[in-house]
Amino acid sequence: MGVTTGLRPKPRRYTMSDRRREILERLSAGEIDVGQAEEELRRLEGKTGLLHSIRSCLDNLDICLELGNRIALEEEICGQLEPGPVELDLLTVNGSIRIETWDSPQYRLLIKKRVRAADQQEAEDIARQYKIADIRDNVIRARVPDQARPRRICAVSLLLQLPRGHAVSGAIETANGSVTLTGLENHGLRVRTSNGSIIAEHLHGGPLTANTVNGSIKAAGSLSQMEAGTTNGSITLHAAALDGDVSLKTVNGSIKVFWPGGQDTALALSASTVTGRIAVEHWQLGKRSLSGFGNKFVEARSVNWEQAARKLSLECSTVNGSITLKETE
């Protein structure tokens with residue numbers, strides 16, 4: 001009788017994630033349709049609460065599955081702008097957006113795509129089906145079409161370089177990615193992302209609206225009229241000068257504002273937090289600190305409010321986090 005030595009491999013144990021992945025792979029291969037996939041996933045989970053996220057997963061199947069190749073493509077567009085303001089209309093998916101100024105008299109738009117395809121040629125054929133950029137006069141549009149989002153074009157990032165001296169306005173939005181603005185003369189920008197940070201450096205003018213869900217917001221420059229909100233993340237504002245109304249709101253995160261003082265400026269502050277500390281250190285409002293448990297609220301206005309040429313109304317609100325206001329030189 002023969003003797004067998006060595007260890008017998010343990011049978012693989014399939015987790016719920018493995019089974020869910022197998023169902024989605026069968027769906028991608030065409031073995032089952034969406035309705036059958038939802039039915040199997042419902043039986044697997046034993047509840048219906050997951051179906052909304054299933055639909056989202058099916059709409060962005062390339063993100064959920066490592067199927068096929070994701071081939072990177074780049075498209076570069078350059079041109080001359082007319083004198084005057086520039087209007088932006090930018091919408092991407094699963095990618096970052098960066099806008100900056102440079103010394104060249106031309107603009108440059110670099111579009112980076114990740115396309116699910118068998119090879120380079122198929123990826124280029126797919127990308128040609130969906131026109132993303134449309135630039136006319138001083139209007140720069142770069143939007144991922146709705147029909148291109150599922151399955152094939154799984155990620156798009158944008159880098160836009162603009163000549164200095166042009167005022168910029170418009171809408172900037174990405175689904176999953178960060179947004180960075182550097183050196184812009186802002187005449188009304190609306191920035192939004194769902195999962196990612198928003199950074200505005202050396203920004204001048206206003207108004208600026210910045211919103212994210214999971215991510216921090218940082219802004220610096222000579223700003224007027226700003227509204228910033230996030231759910232999970234901090235907000236930091238470094239202001240060389242501020243004027244008008246500024247509203248900063250988060251749920252889970254801290255708020256920090258660094259603002260210079262001056263005889264020709266006045267400040268009105270409204271700050272509130274539930275779990276956190278409020279610290280104010282500014283010559284116009286004195287020095288105060290509130291800490292401990294329970295709601296905390298500070299409302300104050302500088303004594304030169306009526307006489308000042310420039311007035312800032314600053315509203316800061318968080319639930320779980322601290323609020324800090326400090327004077328800078």
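The model is predicted, so to speak of local features a pLDDT of at least 70 is needed, side-chain atom pairs count only at pLDDT 80 or more, and totals for chains, interfaces and linings use all residues. Residues are numbered from 1 along each chain as its sequence is written, and side-chain values use heavy atoms, with hydrogens and water left out.

Strand β13 is a handy place to start. Strands here, like helices, are DSSP runs numbered from the N terminus (E, at least two residues, for strands; H or I, at least four, for helices). Two strands are called paired if DSSP finds at least two bridges between them. On that basis β13, which spans residues 217-232, pairs with β14 (residues 235-252) through 14 bridges, and the two run parallel. Within this pairing, alanine 220 sits opposite histidine 238 of β14. Strand β11 (residues 198-205) also runs parallel to β13, with 6 bridges joining them; here histidine 204 has serine 222 of β13 as its bridge partner. Then there is β12 (residues 208-211), parallel to β13 as well and joined to it by 4 bridges, with threonine 209 facing glutamate 227 of β13.

As a rule, most residues other than glycine have a negative phi, and most peptide bonds are trans. The bond from glycine 206 to proline 207 is cis instead, with omega near 5 degrees, and proline 207 lies in the loop that links β11 and β12. Over in β11 itself, histidine 202 has a positive phi, near 55 degrees, despite not being a glycine. Aspartate 137, another non-glycine, has a positive phi of about 55 degrees and belongs to the loop between β5 (133-136) and β6 (139-143).

How open are these spots? For relative accessible area, buried means under 20%, exposed over 50%, and partly exposed in between (1.4 Å probe, protein chains only). Histidine 202 counts as exposed because its relative accessible area is 53%. Aspartate 137 is exposed as well, at 65% relative accessibility.

Elsewhere, glutamate 122 sits in helix α5 (residues 120-129). With a relative accessible area of 28%, glutamate 122 is partly exposed.
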